[in-house]
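User: I would like to go through this protein and ask what stands behind each label. Please set each value against its definition.

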Amino acid sequence: MDSIYEEVVGFYRGWHKLEMSGIYSDGHEIVDQDWSPLSRCDSFSSRREVLGALNGLRRNLDEHHDADQMVRDNLRASETYLRATLGERFAIRDYVASLYLYDPAPIPERTLRATAAEVRELCSRFGLRYSPEDRAAYFARFRVESAQEVAELARAGQDYWLERLYRHIEPPQELKIEVQIVRKDEPWSFFLSTEAGIATFSINAHPRHIFTRGQCQYITSHEVAGHAVQNSCWARAVIRDELPAALHIHATHHPTAALKEGIAQALPYFLCERSELDPEMMLAKKLRELRDMTLANAQLMLEGGGSVTAAWDYCASRLSFVEPFEIERDIANRALKPAERAYQHCYAPSFLAFLRVAERLGQGEVGDFLRSHYHRIPSVSEFWRRA
Ligand SMILES: [Zn+2]
């Protein structure tokens with residue numbers, strides 16, 4: 001069994017190296033987290049060859065009844081993802097269920113309406129109406145022009161969120177965070193990556209992204225108190241719990257990725273009472289939640305054969321403070337790019353599932369729940385079964 005797990009480590013590193021080799025214009029990072037002390041790295045010359053190796057690994061694993069379920073789920077997700085990058089078209093339900101283990105149903109209109117009502121109430125506190133006519137006034141009041149200023153505002157919020165989080169979980173030994181500014185035509189405006197124990201918080205200053213003041217305040221709850229701390233804690237758990245070597249490597253198309261996004265996005269609701277949350281920050285946060293939900297539904301409309309014009313109109317009528325070019329780019333990414341098709345979709349359903357947990361937990365239960373997601377790698381299928 002151990003030798004197959006070691007093969008899995010070598011397989012993922014080899015696939016990652018191929019994707020990054022420059023021969024694919026749509027090459028995507030495969031390894032997101034690598035905590036393995038093993039040195040194995042395989043060599044591949046094509047994705048076709050990667051698929052052959054992956055099929056072989058899955059067959060070998062099938063012969064072992066004691067193989068870890070999470071390893072099986074990861075490899076199945078990888079096979080679906082890889083087939084999609086090779087041109088195979090999967091129905092959205094099958095695709096998302098294979099990668100992230102949930103069923104992508106539309107977000108109910110009542111949830112969107114309730115979120116929009118919160119947005120309108122928060123807007124009124126700043127003398128704004130939530131309508132396209134006030135979009136320019138919204139940006140005039142909240143837009144942050146320079147990436148340097150984004151970095152400064154984000155850094156200011158970091159200690160607040162960490163202090164709140166560490167009331168519940170045992171902090172990782174050391175958390176080193178470096179900030180870098182990049183310009184990439186990607187749908188993410190912020191990104192957290194970890195290598196050799198150092199986390200890098202990237203701000204994507206590509207012109208397709210617009211930054212706002214409240215967003216810079218809440219973003220460290222997501223990227224630092226969420227991703228950076230959870231990654232460090234999982235790295236510790238991998239060693240302490242002696243998890244199979246195949247689980248020392250994580251990819252963003254693995255089932256755990258959706259849970260990481262959901263808990264990171266819902267974290268303020270676990271760590272604070274609503275009344276403690278700053279209105280400027282909450283407005284940006286609620287706008288983002290509404291945007292993720294609306295785009296998830298628009299994506300499903302397109303997946304069901306709807307026209308792109310209908311998907312844009314659906315978004316435009318709900319997202320008064322999002323520029324039309326942002327909606328256009330986001331929808332096209334979800335429809336055309338295998339990496340974004342499921343990853344971008346997962347934000348809204350996963351966030352809502354964690355929000356429901358946060359709302360039903362009593363004050364004394366928050367710590368137990370957070371520890372069950374930070375101190376160990378949770379079972380993804382069990383989470384969705386209970387959600
Ligand atoms: Zn994230």
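**Labels and their grounds**

Analyst: To begin with the contact between the two domains, 30 residues of domain 1 are in contact with 26 residues of domain 2. The model is predicted, so local features need pLDDT of at least 70 and side-chain atom pairs count only at pLDDT 80 or more, while totals for chains, interfaces and linings use all residues. Residues are numbered from 1 along each chain as its sequence is written.

User: What makes two residues "in contact"?

Analyst: Their C-beta atoms, placed from the backbone, lie within 7 Å. By this rule Val 8 touches Leu 57, Val 71 and Ala 246, leaving aside residues up to four places away in sequence.

User: Where do domain 1 and domain 2 run, and how far apart are their centres?

Analyst: The domain assignment gives 2–100 for domain 1 and 109–386 for domain 2; such bounds come from an automatic or database domain assignment. Taken over C-alpha atoms, the centres of domain 1 and domain 2 are separated by 26 Å.

User: Which element gives the most to the side of domain 1 that touches domain 2?

Analyst: α3 does, with nine residues. Elements giving two or more residues to that side are α1 (2–19), β1 (33–34), α3 (69–85) and α4 (92–100). Helices (H or I, at least four residues) and strands (E, at least two) are DSSP runs, numbered from the N terminus.

User: Why is Leu 57 called buried?

Analyst: A residue is buried if 20 or more other C-beta atoms lie within 10 Å of its own, exposed if 12 or fewer, and partly exposed in between, with C-beta atoms placed from the backbone. Leu 57 has 20 C-beta neighbours inside 10 Å, so Leu 57 counts as buried. Its place is in helix α2 (residues 47–62), and Leu 57 touches Glu 7, Val 8, Phe 11 and Leu 75, not counting residues up to four places away in sequence.

User: Leu 101 and Glu 242 have a positive phi. Which is buried and which is exposed?

Analyst: Leu 101 is buried, because 21 other C-beta atoms lie within 10 Å. Glu 242 has 8 other C-beta atoms within 10 Å, so Glu 242 is exposed. Phi is about 65° for Leu 101 and near 50° for Glu 242, and neither residue is a glycine. Most residues other than glycine have a negative phi. Leu 101 is found in the loop between α4 and α5 (109–125), and Glu 242 in the loop between α8 and β7 (249–250).

User: What makes a set of residues a nonpolar core, and where does the largest one lie?

Analyst: A nonpolar core is a set of buried Ala, Val, Leu, Ile, Met, Phe, Trp, Tyr and Cys residues joined through C-beta atoms within 7 Å. The largest has 98 residues, and those with the most contacts inside it are Val 8, Tyr 12 and Tyr 100. Helix α10 (residues 279–303) gives the most to this core, with eleven residues. Domain 1 and domain 2 both give residues to the core, so it lies between them.

User: Why are β3 and β4 called edge strands?

Analyst: Strands pair if DSSP finds at least two bridges between them. β3 (176–182) and β4 (190–195) each pair on one side only, in an open sheet of three strands with the order β3-β5-β4. β3 pairs with β5 (residues 198–204) in the parallel sense over seven bridges, where the definition asks for at least two.
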